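Have the sequence and the 3D view ready. This report walks through side-chain contacts, surface and backbone, topic by topic.

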Amino acid sequence: MITLLGWLWWWVIPVRKRVAIANYRAAFPDRDPTELRRTVGEMIWSYVELACGKRATVHGVELAREGGVCLAGHMGAWDLCLVSAATKVPITIFVRPPTNPLVAWWISRVRTRAGLELLSPKGSALAAIRAVRKGRVVVFIQDQRHNQGIPVSFFGRPALTSRGFGLLATKTGAPMLGATQWRDANGEHHIKVERLNPQLPKDEIEAVDALTAFSQTFYEGHIRSTPHSWLWLHDRWRSFKG
């Protein structure tokens with residue numbers, strides 16, 4: 001089914017195919033962009049699995065028992081894995097609802113039923129601070145373009161990146177975590193939580209900028225290990241094209 005879904009996207013309904021191929025070739029000039037068929041096939045199928053109640057194995061959940069500020073990204077079955085993690089620890093996450101009203105209603109229902117606290121990307125700073133102080137894990141997904149962000153190197157090209165993760169981490173002093181998702185050879189989903197310990201300057205402003213740059217290094221390292229698993233369909237570098 002995954003192969004069929006990927007084939008349909010590639011040949012029949014090629015939504016954002018051109019952007020995805022351009023991104024993939026720029027990041028991995030030696031790889032075959034037809035691997036993107038697997039990207040889209042697995043992404044679509046993961047939502048079918050989510051609707052059917054499939055869940056991921058959560059690794060390292062003990063690291064998040066006392067809360068923290070966590071980086072996560074659009075790798076693997078991100079919604080399925082985040083919903084799975086939310087059944088183990090209290091999670092607060094910044095999300096933009098899908099533009100389709102029916103899809104937005106469904107995914108919001110699935111997320112909130114799992115215990116996820118959903119925050120708007122705008123005007124939610126105080127709510128995020130309160131969540132951290134309550135011992136919740138506040139998740140940032142910073143692997144997409146943020147037009148009000150700062151330029152940070154991502155696969156060797158500048159990409160506008162939100163300073164949100166760095167700001168909340170320095171403001172609260174909460175433990176810094178990273179979450180990575182993947183599908184194994186048997187089709188089972190996994191999410192792993194790890195502790196992040198970047199070396200930071202003492203100056204708070206410099207520390208925020210350093211953490212913003214670190215966030216992209218974190219993503220790039222995991223994407224390089226399994227390139228097909230990341231969402232290549234958006235133009236992460238658009239603002240810096242000539």
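## Salt bridges

The structure holds 10 salt bridges. A salt bridge here is a side-chain nitrogen of Lys or Arg within 4 Å of a carboxyl oxygen of Asp or Glu. Side chains of opposite charge can pair when their charged atoms come close. This is a predicted model: local features need pLDDT of at least 70, side-chain atom pairs count only at pLDDT 80 or more, and totals for chains, interfaces and linings use all residues. Residues are numbered from 1 along each chain as its sequence is written, and side-chain values use heavy atoms, with hydrogens and water left out.

Start with Arg 38 and Glu 42. They form a salt bridge, and their closest N and O atoms are 3.1 Å apart. Both sit in helix α3 (residues 36-51); because they are four residues apart, about one helical turn separates them. Helices (H or I, at least four residues) and strands (E, at least two) are DSSP runs, numbered from the N terminus. Arg 38 is partly exposed, at 43% relative accessible area. Glu 42 is buried, at 14%. The cut-offs are these: buried means under 20% relative accessible area, exposed over 50%, and partly exposed in between (1.4 Å probe, protein chains only).

## Bridges across the chain

Glu 49 pairs with Arg 183, with closest N and O atoms 3.2 Å apart. This pair links distant parts of the chain: Glu 49 is in helix α3 and Arg 183 is in strand β8 (residues 176-183), 134 residues apart. Glu 49 is buried, with 8% relative accessible area. Arg 183 also counts as buried, at 16%. A network of salt bridges links Arg 38, Glu 42, Glu 49, Lys 54, Arg 183 and Glu 188.

Asp 79 forms a salt bridge with Arg 111, and the closest N and O atoms are 2.9 Å apart. Asp 79 lies in helix α4 (residues 78-86) and Arg 111 in helix α5 (residues 101-113), so the pair ties together parts 32 residues apart in sequence. Asp 79 and Arg 111 are both buried.

## Aromatic rings

There are 14 aromatic pairs in the structure. One of them joins Phe 218 and Tyr 219: it is edge-to-face, with 5.6 Å centre to centre and 65° between the planes. Rings of Phe, Tyr and Trp (its six-membered ring) pair if their centres lie within 6.5 Å; planes under 30 degrees apart count as stacked, over 60 as edge-to-face and the rest as tilted. Phe 218 and Tyr 219 are both buried.

Which residues do ring pairs link into a cluster? They are Tyr 24, Phe 28, Phe 154, Phe 155, Trp 230, Trp 232 and Trp 237. Lys 17 has its charged end over the ring of Trp 10, 4.2 Å from the centre. A charge sits over a ring if NZ of Lys or CZ of Arg is within 6 Å of the ring centre and within 35 degrees of the ring normal.

## Cysteines

How many disulfides are there? The count is zero. A disulfide is a pair of cysteine sulfur atoms within 2.5 Å. The sulfur of Cys 52 is 16 Å from the closest cysteine sulfur, in Cys 81, which is too far for a bond. Cys 70 is in no disulfide either; its nearest cysteine sulfur, that of Cys 81, is 12 Å away. Is Cys 52 buried or exposed? Cys 52 is exposed, at 68% relative accessible area. Cys 70 counts as buried, at 5%.

## Backbone turns

Two residues carry a positive phi. Arg 16 is not a glycine, yet its phi is near 60°. Arg 16 is in the loop between α1 and α2 (17-27). Arg 16 is exposed, at 52% relative accessible area.

Phe 155 has a positive phi of about 55°, although it is not a glycine. Phe 155 is found in the loop between β6 (150-154) and β7 (157-161). Phe 155 counts as buried, at 9% relative accessibility.
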